[in-house]
Amino acid sequence: MRSASHILNLMLLRRGSSRLCSCSTPKPSSSPSSQSNSSPRTQVEQQRRRREREEAILSSRHSVSGKEAKVLLFFADTSLPFPSSYSPEYVEHSWYQWWEKEGFFTPEQHERLPQAVDKTFSLCIPPPNVTGTLHLGHALTVAIEDALVRWRRMQGYRVLWVPGCDHAGIATQTVVERRLLREERKRRQDLTREEFLLEMWKWKNQKGDEIYHQLRRLGASLDWSRACFTMDPGFTKAVAEAFVRLCDSGQIYRSEALVNWSCALESSISDIEVDSKELSGQTMLSVPGYENKVEFGTMFTFAYPIEDHDGKLEVSTTRPETMLGDVAVVVHPDDPRYQALHGKQCRHPFTNRLLPIITDSVVDMELGTGAVKVTPAHDHTDFLLSKRHSLPCLTVIAGDGTMTPPCGQWLEGVKRFDARQRIVDALVEKKLFRGKKDHAMTLSICSRSGDIIEPLLKKQWFIRCNEMAKKAIQAVEDGRLEIIPHFYTKAWTNWLSSISDWCISRQLWWGHQIPAYQVKLPNSTDKQEEQWVWGRSENEARQRAAVKYGVKPEAITLTQDPDVLDTWFSSGLFPFAMLGWPEQTADLQRFYPSSLLETGSDLIFFWVARMVMLGTELTKQLPFKQVVLHSLVRDKHGRKMSKSLGNVIDPLDVIHGVSLEVVEAWNLNPRERLVAMEAQRKDFPKGIPQCGTDALRFALCSHKIQGEDISLSISRVLNCRYFCNKMWQTLRFTLGVMSENTTPVGTLEETVPLSGMDRWICSRLYSTVLQCELAFEAYELHTVTSALYSFWVHSLCDVYMEHVKPVLVQQDEGAAFQTEREHSGRAKHVASSVLYHCVSVSLALLSPFMPFITEELWQRLQPFRPGAAAQTSLCLEPYPCSSQLTHWHFPEEERNFLLVQEVIRVARSLRAQCGMTKEKPSMWAVCSPSQAQVFHNFRSALCTLSRISALNIYYPHKADSLLSDHCTPPPKGSLIGVVDHMCQLHLHVQSGTNIDKQILQLFQRREKLVPKLEDILCRVRSPDYLTKVPVHVRQQMDIKMSSLQQELKIIEDQLKMLQEIQDE
């Protein structure tokens, strides 16, 4: 057993030192007003409590010098008096810093565990973007993964959980550009690339530290010595290695093709970063860069004059602004309307170019006029047509979304959607416009910027995905890779089966600059075709170019591609790059492949599929064995969390509490800011109360994560904070019992429960441990949390502790244990031991979900621990397993107590009907002999928990029972409560009771029961009931129907009796 001084020297500070082990991590800013409104205590009260704690440490019996005293202020002392109420601020200040300082989260501590097994559990945290701070979606990921990590660590696995951050090219650059424009009135183009990257690194260092602080505050047991950022030198080396290897193998190639282009970002994006918006007809939408909304969902029709022909050819389009880039008109070869026009030409009204009229069966004759303008440089279908018919490609929209010089001076530099109206007006003037009408269509929108996607023809780097995708599909089909929940397997197969090549070029400055170099040889001209090489460094690329083109290295001019790689390319390397790949490090050999990849279901294609493809290609192994996908966190209205909606919640605001915040610090435009502020006022009119980390984690894990999206409400988190207080008060009671014990607590193995209640609670604990084991293995954390909450609150507190309180604290002995044996010291000692182990084991079971409060309470309990010394921390204790508790398994007691609990419920209902609050009446139970035996075994619990003085047991068939306490029948005129079809409770109506209230309650009870009986009768009388409903279900229905009919008859009899009493 450890002394108080040993504990004192182990624990870190409660308050100010919470930053010591992470001195680079800034404190979250909060205004004095927010602090005062968000916490149950005012700042003055908090400071007073803190001073008292510090003074208590200094004035304690530990003899320390002045210098040592200053150090001790940074440590917690669990030998101090136990506070009367739970405060998350008090509990959560310092444990994490102590855990981290002691190295509990590193795999190296595995060798020191007595329960160590030769198994490894490794995974990486989905690296958060350094765009800002974490939100509740990240908190869900942390809560789930940390629960799994702590569970495996306690089981004795060698555990590695790697933290990291992602540079998030597009998202982070956009945020920083917006900040520069708002604060310094500068655009990116006003700075050199080097100057802009300095700004980016400043942002990264600030936000990265904030994110790591948040992760620590969430209790994430990450190995910080292995923290990884996707633009660290080692990771950058891995990215270059991957690019070079894939180029060498032909997986990466450069080509000119249509890409998804965001004019707002001035960059290409991948297919899965494009959202589709369905429009039923004319719709006005906001578009970045436009003051007024833009019209979509409209089909425009105009006519092209036919060369050497009097007629005109009408074409329909949803994008008239691209008609300056038309190179042909295509019709269906079988369309009778245009048979005479095959091979003819149209004259462009603005450029005077001749456009051939071609035929292709791809045309839908029923859509529009059946004649389609062909714009290969701005439409994917048209681009394929141009390849088949050898048509030129003419780009008329630039990367910034303005019209290009070939459009003419009247349109050059005009924004594309402004140009649309100018072109329509010009067509009207030339009498070529034929009108417009509503048209259902699908609009492609950039998920990053909200901009309308513009297909543009660009030379980019692509990855061939077809063969890699086939391997990823095969891995799942073979069972080598398991996706949980399994219903995602179909989506996995469908998406990968239709995957296109992946454009990995991004026109950004923030990210990994592509390690490819354009080669300029001596005497080469600008008209020559591009020549490219690649290399891990410029020097390697130069040597490759010299060999490839047969010239001296010094004669070559290399220009590195200014573009950067898609962020998802580097993120796809995370499972092995974080371990030192391409070097064959000890970590890579021991921890790769990872045991598990746990992440949000929205990343299955963005990230998971790419990790599987790149990992298999580059390491010849799957990067992990299982993929566990959790649901998305939405607000209480079911909306996706978005800053522009004002419903994004910082986990620290839930942990610490916060007043209604103004969102001035967010990078939002004025309109979005107003919407966000209004939403916050509506959802959190009084701010967010302080809930604490443990409550937040437990609330998040209590949702079914493998199914529908999670709509999280703060009230649910607050309920979990109340649960923390319940745990706190349980410990207060337990410590009081332990301190009064003269006999030490027995060990778990030697503790044999005596009474029926002892056996029941012990068996409930065994069943709870078994349920946790099975649910953890299936990653059903909501089942684990539900089982633990139910055991602690409903079994341990509401039932067992209420039952044993009278005898353990010597209260009201008459209502406690009735027999001399139960009053014996041995029975009290056994009950104390049972209570101790129920609490201790439960704390260990809860530790993966609620690490702070369980550590605090467990440390408080250690002075009373029987047997061998424990581990230093609860997080290193063995996780309870059912095999250690088989001697506590009493299934018959668990089954029987279900009946006892129903009797208690009915007894309390009868007392309430009579308005009894303090009185403890006698009751009669009319039951079967077998039920009588159960009531006899649990009689003391029935009396204590029902708050009755005595339970008289009566069964009509005395000869059928071996019991000797058969009593007389209950008095006539008693109130009756139905327990089941074989058992009734009788309470004699005393004079002075409120008859009107009893009648009202009986009427209300009848109103609830009648619809239930009608529902059962409806089902029983259905024609196919006997043929389709299983026998055991019909038997249960018959019992329910019989009980309801019996209870309704009793209610009618009682109403009649009470009305007769009223009339007297």
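**Figure 1. Overview of the predicted chain.** Of the 1064 residues that make up the chain in this predicted model, 55% count as buried. The chain holds 34 helices and 33 strands, and among contacts between residues at least 6 apart in sequence, 77% join residues at least 24 apart.

**Figure 2. Confidence along the chain.** The mean pLDDT of the chain is 86, with 86% of its residues reaching 70 or more. Among the elements of the chain, strand β2 (residues 158-162) has the highest mean pLDDT, at 98, whereas helix α4 (residues 66-72) has the lowest, at 34. Where pLDDT is low, the predicted coordinates should not be read in detail.

**Figure 3. The contact of helix α14 with helix α19.** The axes of helix α14 (residues 488-497) and helix α19 (residues 604-619) come within 12 Å and cross at roughly 75 degrees; because angles of 65 to 115 degrees count as roughly perpendicular, α14 is described as roughly perpendicular to α19. On the α14 side the contact is made by Y488, A491, W492, W495 and L496, and on the α19 side by I604, F605, V608, A609, V612 and M613. By residue class, the contact of α14 with α19 comprises 11 nonpolar residues, with no polar and no charged ones.

**Figure 4. The nonpolar cores and the surroundings of W792.** The largest nonpolar core has 181 residues, of which W792, L796, Y800, F849, F935, L951 and L985 touch the most other members. Helix α25 (residues 781-808) gives the most to this core, contributing 14 residues. When neighbours within four places in sequence are left aside, W792 is in contact with F723, K726, M727, T730, L731, C797, V839, S842, L843 and L846. A second, separate core of 64 residues includes I483, L588, M611 and V612.

Figure 5. M923 lies in strand β30, which spans residues 922-926, and M923 is buried, since its relative accessible area is 0% and under 20% counts as buried. Not counting residues up to four places away in sequence, M923 touches A907, L910, R911, I948, A950, L951, N952, L985, H986 and L987.

Methods. Residues are numbered from 1 along each chain as its sequence is written. This is a predicted model: local features need pLDDT of at least 70, side-chain atom pairs count only at pLDDT 80 or more; totals for chains, interfaces and linings use all residues. Side-chain values use heavy atoms; hydrogens and water are left out. Axes are lines fitted to C-alpha atoms, for helices over the stretch in contact, and angles run from 0 to 180 degrees between N-to-C directions. Helices (H or I, at least four residues) and strands (E, at least two) are DSSP runs, numbered from the N terminus. Angles under 35 degrees count as roughly parallel, over 145 as roughly antiparallel, 65 to 115 as roughly perpendicular and the rest as oblique. Contact means heavy atoms within 4.5 Å. Ala, Val, Leu, Ile, Met, Phe, Trp, Tyr, Cys and Pro count as nonpolar, Asp, Glu, Lys and Arg as charged, and the others, Gly among them, as polar. A nonpolar core is a set of buried Ala, Val, Leu, Ile, Met, Phe, Trp, Tyr and Cys residues joined through side-chain atoms within 4.5 Å. Buried means under 20% relative accessible area, exposed over 50%, partly exposed in between (1.4 Å probe, protein chains only). pLDDT is the predictor's confidence in each residue, from 0 to 100.
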